[in-house]
Amino acid sequence: MAKRNATAAIIGAGDYIGAEIAKKFAAEGFTVFAGRRNGDKLAPLVNEVQAAGGTIFARSLDARKEEEITAFLGDADKEAPLEVCIFNVGANVNFPILDTTERVFRKVWEMACYSGFLAGREAARAMLARGKGNIFFTGATASLRGGNGFAAFASAKFGLRAVAQSMARELGPKNIHVAHLIIDSSVDTEWVRQLITSREGPQAMENLDPNRLMRPAAVAEAYWALYQQPRDAWTFEHEIRPFGEKW
């Protein structure tokens with residue numbers, strides 16, 4: 001692969017979407033910095049990227065802590081100029097409103113909104129110095145509408161969308177592409193498969209419509225497409241869903 005003098009930082013490099021994003025950008029020659037709460041869980045991703053000839057640095061990262069975000073993105077920028085920062089922290093929970101405690105609401109907001117602000121601000125700080133860069137945020141259906149049991153999650157995702165939109169208006173004229181990717185679908189992860197099984201029974205997975213779930217690798221390709229856009233035709237908000245999804 002052709003190596004680039006550039007870093008892509010993935011904040012929220014989980015086993016599915018985050019890992020696929022990391023693998024995609026590493027395969028395209030980026031030095032990848034991957035961060036998640038438990039850095040030990042990144043070992044399989046590191047092994048896979050390195051086996052394919054890519055360069056990756058794995059870190060334990062609590063994205064809610066300002067000093068950790070600052071250090072993580074600072075280290076990434078020192079390794080090679082930070083060209084892409086993708087905020088992919090999940091925090092998808094479902095609680096009836098009466099069961100939504102103050103702690104749950106605050107923690108979900110910290111994970112899905114506040115930490116996105118920190119990541120975006122610190123990435124912008126590095127990118128503005130060079131006059132270019134890309135900052136992308138992972139959104140969800142809940143970014144656009146609240147749903148039954150999603151008061152905490154939807155309010156945080158609404159907030160993240162507002163942060164991204166404000167940043168795009170401020171930073172776009174300074175040659176920094178800020179985009180918000182809305183995943184309007186369930187993604188094919190172990191958690192989603194277990195949820196389907198618990199709600200619909202074990203036979204549901206045996207008869208699962210292949211168009212029902214989005215592949216994590218398809219999300220990574222959507223981010224790569226955003227990165228490749230010419231600056232006279234930048235997308236701010238990009239909605240993706242399987243072709244069979246009702247919306």
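## Packing of H4 against H5

In this predicted model, helix H4 crosses helix H5 in a right-handed sense. The two helices, H4 and H5 (residues 151-171), pack with their axes 7 Å apart and at an angle of about 15°. Angles under 35 degrees count as roughly parallel, and H4 and H5 are therefore roughly parallel to each other.

On the H4 side, the contact is made by Phe 105, Val 108, Trp 109, Ala 112, Cys 113, Gly 116, Phe 117, Gly 120, Arg 121, Ala 124 and Leu 128. H5 contributes Ala 151, Ala 152, Phe 153, Ser 155, Ala 156, Gly 159, Leu 160, Val 163, Met 167 and Leu 171. By class, the contact of H4 with H5 has 16 nonpolar residues, four polar residues and one charged residue.

Gly 116 belongs to helix H4, which spans residues 102-128. Its relative accessibility is 0%, so Gly 116 counts as buried. Apart from neighbours within four places in sequence, Gly 116 is in contact with Phe 87, Phe 137 and Leu 160. Of these, Leu 160 is also listed on the H5 side of the helix contact. The C-alpha atom of Gly 116 is separated by 9.0 Å from that of Ile 11, although the two residues are 105 residues apart along the chain.

Leu 171 lies in helix H5. Buried means under 20% relative accessible area, and Leu 171, with a relative accessible area of 4%, is therefore buried. Not counting residues up to four places away in sequence, Leu 171 touches Ala 124, Leu 128, Ile 135, Ile 176 and Val 178. Ala 124 and Leu 128 are among the H4 residues of the contact with H5. The C-alpha atoms of Leu 171 and Ala 151 are 20 residues apart along the chain and are separated by 30 Å.

## Packing of H1 against H8

H1 passes H8 in a right-handed crossing. The axes of H1 and H8 are 8 Å apart, and the packing angle is about 50°. H1 and H8 are therefore oblique to each other.

From H1, the contact involves Ile 17, Glu 20, Ile 21, Lys 24 and Phe 25. From H8, it involves Pro 216, Ala 217, Val 219, Ala 220, Glu 221, Tyr 223, Trp 224 and Tyr 227. The residues of the contact of H1 with H8 divide into 10 nonpolar, no polar and three charged.

## Burial of H1

Eight of the 11 residues of H1 are buried, so H1 is largely enclosed by the rest of the structure. The buried residues in H1 are Ile 17, Gly 18, Ala 19, Ile 21, Ala 22, Lys 24, Phe 25 and Ala 26. Just after H1, Gly 29 takes a positive phi of about 100°.

## Nonpolar cores

The largest nonpolar core has 34 residues, and Phe 25 and Tyr 223 are those with the most contacts inside this core. At least two residues of this core are supplied by each of strand S1 (7-11), helix H1 (17-27), strand S2 (31-36), helix H2 (43-51), strand S4 (82-87), strand S6 (176-183) and helix H8 (216-228). H8 gives the largest share of this core, seven residues.

Leaving aside neighbours within four places in sequence, Phe 25 is in contact with Ala 8, Phe 30, Val 32, Val 84, Ile 86, Tyr 223, Trp 224 and Tyr 227. A second, separate core of 29 residues includes Ala 9, Ile 69, Leu 118 and Val 163. In soluble globular proteins, nonpolar side chains tend to be buried together.

Ala 91 is not a glycine but has a positive phi of about 75°. Ala 91 is found in the loop between S4 and H4, and at 14% relative accessibility Ala 91 counts as buried.

Asn 175, also not a glycine, has a positive phi of about 70°. Asn 175 is found in the loop between H5 and S6. With a relative accessible area of 22%, Asn 175 is partly exposed.

Note on methods
Residues numbered from 1 in each chain as written. Predicted model: local features only at pLDDT ≥ 70, side-chain atom pairs only at ≥ 80, totals over all residues. Heavy atoms only, no water. Core = buried A, V, L, I, M, F, W, Y, C linked by side-chain atoms within 4.5 Å. Buried < 20%, exposed > 50% of the residue type's maximum accessible area, 1.4 Å probe, protein only. Helix = DSSP H or I, 4+ residues; strand = E, 2+ residues; numbered from the N terminus. Contact = heavy atoms within 4.5 Å. Axes fitted to C-alpha atoms, helices over the stretch in contact; angles between N-to-C directions. Parallel < 35°, antiparallel > 145°, perpendicular 65-115°, else oblique. Left-handed = near helix turned anticlockwise from the far one by under 90°. Nonpolar A, V, L, I, M, F, W, Y, C, P; charged D, E, K, R; others polar.
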